[in-house]
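Hi,

Here is the structure I said I would pass on. Have a look at it, and then read on for my notes.

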Amino acid sequence: MNIKKLLLLSFTAAFFASCSNDDDNRAPLGDYDNGVLVLNEGGTGTVTYISDDFNTVQQDIFYEVNGETQDLGQYTQSIFFDGDRAFVISGSNKITVVNRYTFEYIATIDSGFAAPRYGTVANGKAYVTNSNTFDFPATDDYVSVINLQTLAVVGTINTNASAERIIEANGKIYVSNGFFGSGNSITVIDPSTDAITATIETDFAPNSFDIENGQLYALCAGFSGAGELIKINTQNNTLSQTIELPETQSGLANLDVDNGNFYYTASGNIYKYALNATAFTDTAFVATGSTNPYMGYGFAVNNGRIYISEAAEDFTSDGKIFVYDNSNGTLLNQTTVGLGPNGFYFN
Amino acid sequence: MYSEKWILPALLLLCLVGRAQQDTVFLRQVDISDVSLKRYGSTQKAISISDSVYTSNRTSLGGLIQFNSPVYIRENGIGGVSSASFRGTTAQQTAVIWNGININSQFNGQFDFNSYYTSDAGQITVRPGGGSVLFGSSAIGGSIHLNTTLDFYRHLDNRVSLSYGSFDTGRFAYNINASDGKFSVNASVSHNRSENDYPFPDSDRNNLNGAFFNTGISAAAGYRINHKNIIRLYSQYSSGERHFSLISPSETPTKYQDRNSRNLLEWIYGNENFNSRARVAYLEEQYRYFETLNDENPSFGLAKTVIGKYDAALKIRSNMFVNALVEYASIRGSGTDVRQTNRNIGSGTLVFRHIPGKFLYELGIRQELSDDYSSPVLFSAGGKYQITSNYSLRFNGSRNYRIPSFNDLYWADGGNPDLKPESSYQAEIGQDFQWKNLSAGLTVFYMDISDMIQWLPGTTAAWRPVNVNEVESFGLEFSGKHSFESGSHKLVSAVLYSYTNSQNAETEKQLIYVPKHKATAALDYTYDRFGVGLQGLFTGSVPTRSDNNPRYDLDGYFVGNGLVSYRFGKQKSIVVEAQVRNVFDQEYQTMINRPYPGRHYTFSLTLML
């Protein structure tokens with residue numbers, strides 16, 4: 001255990017060092033650089049900016065910058081980026097494109113979607129998953145293909161399974177087919193042809209992805225009950241490793257792989273294990289102490305910190321975010337944000 | 001349409017019931033079926049809104065209640081889902097009573113005021129305060145009574161009404177009201193439709209996907225067998241389709257269809273000392289929700305309710321009455337989202353009323369038995385003291401409840417069969433003042449609601465209802481009314497003000513969508529053939545977030561409506577009317593992101609034959 005901690009510390013130190021080298025001399029690219037954007041899903045979606053030193057907290061920056069003429073739409077689900085542009089996906093079938101550092105409005109894309117969820121970028125195009133009618137088992141979910149030059153939806157790819165999380169790895173697009181603990185596969189799309197090239201079966205529903213050193217990791221779990229971490233070989237799209245996680249954990253979600261460790265949340269706890277660990281004891285890295293099932297509504301690990309959000313249990317009041325040190329689990333900050341904070345995005 | 005035949009009974013029997021009339025009303029075979037409303041009206045104040053000029057061509061039932069009562073109506077814009085908050089309570093805590101029968105939805109426990117289409121409600125009465133002993137589940141904040149009148153004097157009245165207005169809104173209604181002394185009929189057919197694509201004030205947007213149409217048929221018939229026996233039948237059928245308007249223009253358009261049928265048969269036997277009513281009701285409630293406009297498999301719900309009621313009232317002495325009531329209801333619910341279930345509810349109620357002199361008091365107790373939840377013993381105790389001929393004091397204390405709805409108990413993904421009913425204790429003190437044509441009332445109330453059902457995120461399903469919240473409310477209601485008549489001039493003015501402090505006992509925050517301040521004012525003036533009506537509504541700011549974050553409060557507003565009418569013809573039987581709603585073009589919302597239209601118009605032509 002001590003050796004592990006030591007290892008972690010050294011990893012963290014190395015990470016800090018490398019990051020500060022990159023960032024030291026860069027001038028801020030806008031008011032919302034050098035901080036984290038927290039996406040709050042709504043009513044009408046908002047974005048909260050929190051500076052890295054926690055000294056600046058600004059609610060609803062889209063409104064602050066752009067006024068009333070535009071809004072981000074209802075139920076903002078996620079954000080993806082293409083260079084300086086941020087694409088904010090709203091469940092009311094639209095994507096609002098803004099400058100990620102200034103949050104100045106650029107464009108709205110509002111046709112070609114049906115309950116859009118998540119997006120990623122590959123081969124000069126953006127790929128956005130759509131839940132469509134939310135039917136189950138899903139038959140009508142699809143991926144919209146957006147031309148990043150014209151910002152028009154130029155094609156759709158039917159997944160014939162739930163289309164939820166989406167990520168680009170090794171030049172391919174991976175779509176998780178899990179939805180609220182159901183579904184058990186991952187769809188692979190070739191962005192040069194926009195055709196499905198493989199389907200990877202999983203034991204449980206994949207609910208979150210991350211990439212480390214060109215390897216794709218997916219956390220798979222039911223709505224409640226046990227889960228596992230799988231590693232996918234992105235050369236041949238086969239499972240290269242399956243890590244069974246403690247059966248005593250329930251509702252596993254929010255995978256984040258960072259510096260040789262993987263993190264996730266379950267029942268208000270944050271778990272952290274080394275990727276090369278061989279034994280997994282059910283010991284929380286951080287026990288938040290919250291019994292709210294919405295603790296962990298959003299989650300990310302970045303730059304030595306763990307960010308976790310807690311949507312209000314009644315979903316009719318502002319949520320909170322908590323920031324922990326990822327080496328020792330100390331609480332560094334907590335801040336009230338907007339309604340239903342569901343994701344963290346780092347500038 | 002200002003027919004005194006409609007106005008007089010309402011005026012006589014409701015607001016201004018003097019003590020002298022009370023004993024006779026108790027056993028009289030009153031002209032409506034909701035007999036409890038009249039027998040036990042005196043220790044709590046009831047507001048009749050049947051006598052406004054606006055009732056004749058009302059644009060919506062919710063709007064009528066919003067502008068004439070302390071009830072706060074929350075509406076997703078014109079035609080959208082519309083529900084009530086009464087004395088700071090939730091939509092499930094207002095009971096809507098049709099001819100004595102509770103018609104709140106079996107599925108969600110609330111009443112959607114924009115799904116009540118028929119135009120026959122001869123009397124609309126709003127009764128603030130607990131009334132579960134008399135009116136059953138949901139009568140926590142108060143109850144709203146829709147009653148069809150059946151008159152047995154010889155008459156034949158036909159009425160045809162056509163109206164058209166802004167946003168391509170049209171309405172047709174035909175009513176017949178007739179009696180030969182033995183047989184009485186009150187029937188109506190109405191059809192409404194609207195494109196409802198109004199522009200939002202202070203915005204470049206329009207209400208999108210808001211169109212609706214609906215048809216309502218209603219027929220009531222009574223037969224007076226002899227001076228001791230009457231049989232009455234009430235039937236109502238309505239069917240409508242509403243597109244649900246969009247918050248964001250890019251949203252997927254949805255629509256909603258509903259169909260309701262309500263039937264009630266009653267036999268009344270009465271003599272000087274005894275009155276018995278046997279009633280059987282059959283209700284069908286059906287909805288279909290289309291997630292897309294062409295959804296081939298819309299979700300649906302269907303609830304069939306059979307109710308049997310027997311009510312016996314006995315005059316023990318000249319000033320002492322007792323009323324026993326037994327009721328049995330069997331409800332069968334099915335649908336795409338609820339597990340098919342039967343539920344059976346039986347109840348027994350005993351009410352005692354004594355008028356020793358200037359003081360009168362009423363005591364009531366009710367116990368309900370059900371196969372899927374356990375109910376508390378409900379009670380009510382009230383008194384009224386007529387201190388002087390123009391001043392009286394009243395008080396009432398009660399325990400009331402709201403039973404879990406089908407969705408709460410049997411929702412396929414998350415329904416909780418272990419729910420208890422919500423229950424409340426309530427106390428109120430009121431005073432009423434009457435001097436010549438001026439009347440005023442002031443009521444203060446306190447309410448404590450426990451076991452409030454709230455849907456919260458769960459570990460086995462996304463959402464699950466639990467008995468979690470406790471709410472404490474207090475507030476006051478003031479009402480004043482003045483009428484003036486001189487020659488052909490007639491002027492009626494009314495004001496209402498309510499203050500409502502309704503807090504979650506744990507967080508001490510005001511409940512969402514409960515305004516602290518609401519006031520209405522109305523003025524009706526008629527001079528011979530000419531009529532004018534003015535209405536005003538003030539609502540203070542309303543929290544929309546449970547943490548009361550003021551950033552998301554709905555702003556307070558004042559909205560005014562105006563109406564002018566003129567009667568043509570020898571018999572004054574042709575009425576032309578013009579209404580302007582939201583005269584000051586105020587931007588306002590009662591639900592967040594659901595703006596109402598700015599200034600808009602309705603013109604109507606009514607023929608009375």
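One definition before the interface: I call it a salt bridge when a side-chain nitrogen of Lys or Arg sits within 4 Å of a carboxyl oxygen of Asp or Glu. By that rule, 2 salt bridges cross the interface of chain A and chain B, and the count over all chains is 27. One of the bridges pairs Arg545(B) with Asp318(A), at 3.2 Å from N to O. Arg545(B) lies in the loop between strand E26 (530-539) and strand E27 (557-568) of chain B, while Asp318(A) belongs to strand E26 (residues 318-325) of chain A, so this pair joins two chains. (Strands, E, of at least two residues and helices, H or I, of at least four are DSSP runs numbered from the N terminus.) As a reminder, side chains of opposite charge can pair when their charged atoms come close.

Some housekeeping. This is a predicted model, where local features need pLDDT of at least 70 and side-chain atom pairs count only at pLDDT 80 or more, while totals for chains, interfaces and linings use all residues. Residues are numbered from 1 along each chain as its sequence is written, chains are lettered from A and ligands numbered from 1 in the order written, and side-chain values use heavy atoms, leaving out hydrogens and water.

Back to the interface. Chain A and chain B each bring 24 residues to the contact (heavy atoms within 4.5 Å). The area buried between them is about 1,800 Å², with carbon and sulfur atoms giving 49%; that is accessible area (1.4 Å probe) lost on putting the two parts together, summed over both. Phe223(A), Thr316(A) and Asp318(A) supply 23% of what chain A buries against chain B, more than any other three residues.

Next, the cavities: there are 11 of 30 Å³ or more. A cavity here is a set of points on a 1 Å grid over the protein atoms alone where a 1.4 Å probe fits but cannot get out, and lining residues have an atom within 4 Å of a point. Points are joined across faces, edges and corners, and the volume is the space filled by probe spheres set on them. The second largest cavity holds about 450 Å³. Of its 33 lining residues, the closest to the centre are Asn102(B), Gln106(B), Ser137(B), Glu327(B) and Ile403(B).

Most residues other than glycine have a negative phi, and most peptide bonds are trans. Which bonds are cis here? Gly42(A) to Gly43(A) is one, with omega near -15°, and Phe136(A) to Pro137(A) is another, with omega about -5°. Glu508(B), not a glycine, has a positive phi of about 55° and lies in the loop between strand E24 (489-504) and strand E25 (517-527) of chain B.

Cheers

Definitions and conventions. 1 Å grid on protein atoms, 1.4 Å probe; cavity = no way out; pocket = protein on both sides within 12 Å on 5 of 7 lines; lining within 4 Å.
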